[in-house]
Amino acid sequence: MKKYKIFFTLAAVLSVILLIVSCAINPVTGKRQIMLMSEDQEVALGASYDPQVLSTFGLYENPALASFVQEQGTRMGKISHRPGLQYHIKVLDSPVVNAFAVPGGYIYLTRGILAQLNSEAELAGVIGHEMGHITARHSASQQTKQMLGQLVLIGSMIASERLAQYADYAMQGMQLLFLKFSRDDERQADRLGVQYSSLLGYDAKQMAEFFKVLYKMQLSESEGGVPTFLSTHPDPGDRYNTVYKNAQWWQDSLRLQQYTVNHDGYLKLINGLVYGEDPRQGYVAGSTFFHPELKFQFTYPTAWQFQNSPMQVTMAPSDGNALIVFMLAQQKTLKAAADTALAQFGLTLSDSRDLTVNGLPALATLSSQTVTDQNTGAQSVNVVMSYFISYNNLIYVFHGVSAEPNFSTYTNAFSATMGSFARLTDPARINVTPEKIIVKAVPRSGTLSSAFSALGVSQARMEEMALLNNMELTDKVSAGRMIKIAGK
């Protein structure tokens, strides 16, 4: 009886699919495409993603910059293939060089990518590229492919009980399969970015120039790691020539008297932009983490890997056999925070005790979690040590996790880290400031290297600053030219 119900449900779903497909026209190509999502559903999906993105990365607080990028997005949206869609352009407080879009008109630019751009025309090209993903419904198409893939998997599981045990694993693979845009999608977004920025009168060749920056970053992968933008927007070297030729085609077609670049105006806009990691959001010195705004500190095991994000801090040894997670609880009392964590993670409590941590009221718990291997069905047990600490009307939480056989190895590391949480009172640690983009005029004509020397840039950072300006140290610069450096 249960199988008949499932088949009936699948038949109903497939009927709806056929109905939607008959009406789905791609706004850019004008061709029919399989699409399980209406425009209203796209907008609703984007609206549901937006608070998650903002809570993960944080919104960069700069009203003038926020207003400018939103105005750019609104202007561009009106000449795009989906002029009726409302576009939301937001700046994220992240040093990572990245830009991305989600369905329904939401486009995100990190302060990291804004620092790396060198003209208003480059900015228009990046916004246009991301808008192209939205107008061509690339994200919505990904969602559709994933939904269809899951339907196929469900059908296979009905037909074969043997496959049913791999259902979760297979669906995870399907999600990974459609995680990134295809190369064709990226090329189409490039074309649309050139088209949209050209129609607004920008020199889209500057969009190609930005690919030079990305290519240089790719070459320095071994030194500092490839920015996220490169992992989601591949092959900057190959795309430079294609984008440049496409930009030339649009200029030959439009025949405008001039095309806007606005190098100096853009640099003035980002003058004072936070550059790199912002210590006000927490920073590490030695093996101690300091948070100057929330005024706390704690130490963690030497040589452990450390990652700080707006949502949580994670620490782990290189062998990956243990993990400490530090976060802020939403509850108002220690007991409520502990009860919520136990329920959220499916933990079985074995011990609980009240204590103080450097004069702060706290609650320590010891619990366990049974984990089932999705491939073999074998079960194992993780042991979790947790500290819930009350400080300044907030509840801070540490979770130390390790497999049961290894737990005793890490007990001291867990308790030492959690027990080191304390008030931060040292003014030198509190009154830290981030580096910022500083726009300066070249004092006298010469090479970029000589200009940096005159402006006090250290030899060790000259290559970094040259990349920031998309130039070489040997390039000639005239007196009065505006360039970027980073400093306090």
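Tutor: Helices here are DSSP runs of H or I with at least four residues, strands are runs of E with at least two, and both are numbered from the N terminus. With that in hand, keep in mind throughout that the model is predicted.

Student: Where is Asn262, and is it buried, partly exposed or exposed?

Tutor: Asn262 is found in the loop between α13 (236-254) and α14, and its phi is likewise a positive value in a residue other than glycine, near 55°. Its relative accessible area of 32% makes Asn262 partly exposed.

Student: What does His263 touch beyond its sequence neighbours?

Tutor: His263 has its place in helix α14 (residues 263-270), and, not counting residues up to four places away in sequence, it touches Asn118, Ser119, Arg481 and Met482. Its side chain also makes a polar contact with the side chain of Asp264, at 2.8 Å.

Student: What does the side chain of Tyr283 reach?

Tutor: Tyr283 is found in strand β5 (residues 283-285) and counts as buried because its relative accessibility is 15%, the cut-off being under 20%. The side chain of Tyr283 reaches the backbone oxygen of Arg429 at 2.8 Å. Leaving aside neighbours within four places in sequence, the contacts of Tyr283 are Thr288, Phe289, Phe290, Pro292, Arg429 and Val432; in the case of Val432, 149 residues of sequence separate the pair, while their C-alpha atoms are 9.7 Å apart in space.

Student: Which residues does Ser402 contact away from its own stretch of sequence?

Tutor: Ser402 is found in strand β14 and counts as buried at 2% relative accessibility. A polar atom of its side chain lies 3.1 Å from the backbone oxygen of Asn321, and its contacts, with neighbours within four places left aside, are Asn321, Ala322, Asn382, Val383, Phe407, Tyr410 and Phe414.

Student: Which elements supply the lining of the largest pocket?

Tutor: At least two lining residues come from each of α2 (39-57), β5, β6 (288-291), β8 (305-308), β10 (322-329), α15 (334-344) and β14 (394-403). The volume of the largest pocket is about 1200 Å³, and of its 43 lining residues, Asn308, Ser309, Pro310, Met311 and Gln312 lie nearest the centre. By class, that lining has 23 nonpolar, 14 polar and six charged residues.

Student: How many helices and strands does the whole chain have?

Tutor: The secondary structure comes to 19 helices and 19 strands, and buried residues make up 46% of the 488 residues in the chain. Of the contacts with a separation of 6 or more, 64% are accounted for by residues 24 or more positions apart.

Definitions and conventions
Residues are numbered from 1 along each chain as its sequence is written. This is a predicted model: local features need pLDDT of at least 70, side-chain atom pairs count only at pLDDT 80 or more; totals for chains, interfaces and linings use all residues. Side-chain values use heavy atoms; hydrogens and water are left out. Buried means under 20% relative accessible area, exposed over 50%, partly exposed in between (1.4 Å probe, protein chains only). Contact means heavy atoms within 4.5 Å. A polar contact is a pair of N or O atoms within 3.5 Å; within protein, one must be able to donate a hydrogen and the other to accept it, and residues adjacent in sequence count only if both atoms are side-chain atoms. On a 1 Å grid over the protein atoms alone, a cavity is a set of points where a 1.4 Å probe fits but cannot get out, and a pocket is an open set with protein on both sides within 12 Å along at least five of seven lines; lining residues have an atom within 4 Å of a point. Grid points are joined across faces, edges and corners, and a volume is the space filled by probe spheres set on the points. Ala, Val, Leu, Ile, Met, Phe, Trp, Tyr, Cys and Pro count as nonpolar, Asp, Glu, Lys and Arg as charged, and the others, Gly among them, as polar.
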